[in-house]
Amino acid sequence: MILPRICVLDACFIIDWIRWRNSDVVKRVFASSFIPESTLRELTTPAPLRAIREWISAGWLTIYPHFRELEDEALDFILNARADPRVPRIDMPEAICTVLAKRLKAAVLTENRGILRAYQLKSEVFGPAVVMNSLRLLAHLYREGFFTESFDDLVKEYERDTKHAFSSREIDLVKEDFGI
């Protein structure tokens, strides 16, 4: 899979990702990133806010201002997703990240299971955006040679650092998707 050079960051992804000892590698995969204002408002603890300041200072992150038009599109996205009972709940900030990623032809980095499931079921609706959670990004990093230890060891390290546990089923599915 070829990833876009731009990503849109969701709050849940940032909160977990920055706890990982190798979190800076994201800047080697994506040349630049965006965070919608609504997502930024969700971040209230010091560590994520510090990371945001550092990324902005480094020129890697841009805050995307609020636009009613983007919110309207996100609401349509949520209503369409809710029509499918297989898709878990999607809230407005995550939907805004997804709609913005679609507009920018970017990757959206999120841990929101609703967004991930909707992408699984109807990736063509998201096109040209790509949806990834931390596990899928780890698989991409591994497959592209960013890390030399085994994929399982990489995942365990991430889980230890972030306290974010993945199910063995989810890990197996991602391994299969990425040919690991």
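A crossing of two helices is called right-handed if the near helix is turned clockwise from the far one by less than a right angle, and left-handed if it is turned anticlockwise. With that in mind, look at H9 and H11 in this predicted model: their crossing is right-handed. The two helices pack at an angle of about 40°, and their axes are 10 Å apart. Angles under 35 degrees would count as roughly parallel, and 65 to 115 as roughly perpendicular, so H9 is oblique to H11.

Which residues bring H9 and H11 together? From H9 come Leu135, Arg136, Ala139, His140 and Arg143, and they meet Glu170, Ile171, Val174, Asp177 and Phe178 of H11. Sorted by class, this contact has five nonpolar residues, one polar and four charged.

Now turn to the other helix pair, H10 and H11. H10 covers residues 151-162 and H11 covers residues 168-178; their axes come within 12 Å and cross at roughly 135°. An angle has to be over 145 degrees to count as roughly antiparallel, so H10 is oblique to H11. On the H10 side, Phe151, Asp152, Val155 and Glu159 take part, meeting Ile171, Val174 and Lys175 in H11. By class, the contact of H10 with H11 has four nonpolar and three charged residues, with no polar ones.

Back in H9, which spans residues 134-143, find leucine 141. Is leucine 141 buried or exposed? With a relative accessible area of 0%, leucine 141 is buried. Leaving aside residues up to four places away in sequence, leucine 141 touches Trp17, Trp20, Val25, Val29, Phe146 and Phe147.

For a last stop, go to helix H3, residues 37-42, where threonine 39 is found. The relative accessible area of threonine 39 is 0%, so this residue is buried. Which residues does threonine 39 touch, not counting those up to four places away in sequence? They are Leu9, Asp10, Ala11, Pro93 and Cys97. To get a sense of scale, draw a line from leucine 141 to threonine 44: their C-alpha atoms are separated by 29 Å, and the two residues are 97 residues apart along the chain.

Key
Residues numbered from 1 in each chain as written. Predicted model: local features only at pLDDT ≥ 70, side-chain atom pairs only at ≥ 80, totals over all residues. Heavy atoms only, no water. Helix = DSSP H or I, 4+ residues; strand = E, 2+ residues; numbered from the N terminus. Buried < 20%, exposed > 50% of the residue type's maximum accessible area, 1.4 Å probe, protein only. Contact = heavy atoms within 4.5 Å. Axes fitted to C-alpha atoms, helices over the stretch in contact; angles between N-to-C directions. Nonpolar A, V, L, I, M, F, W, Y, C, P; charged D, E, K, R; others polar.
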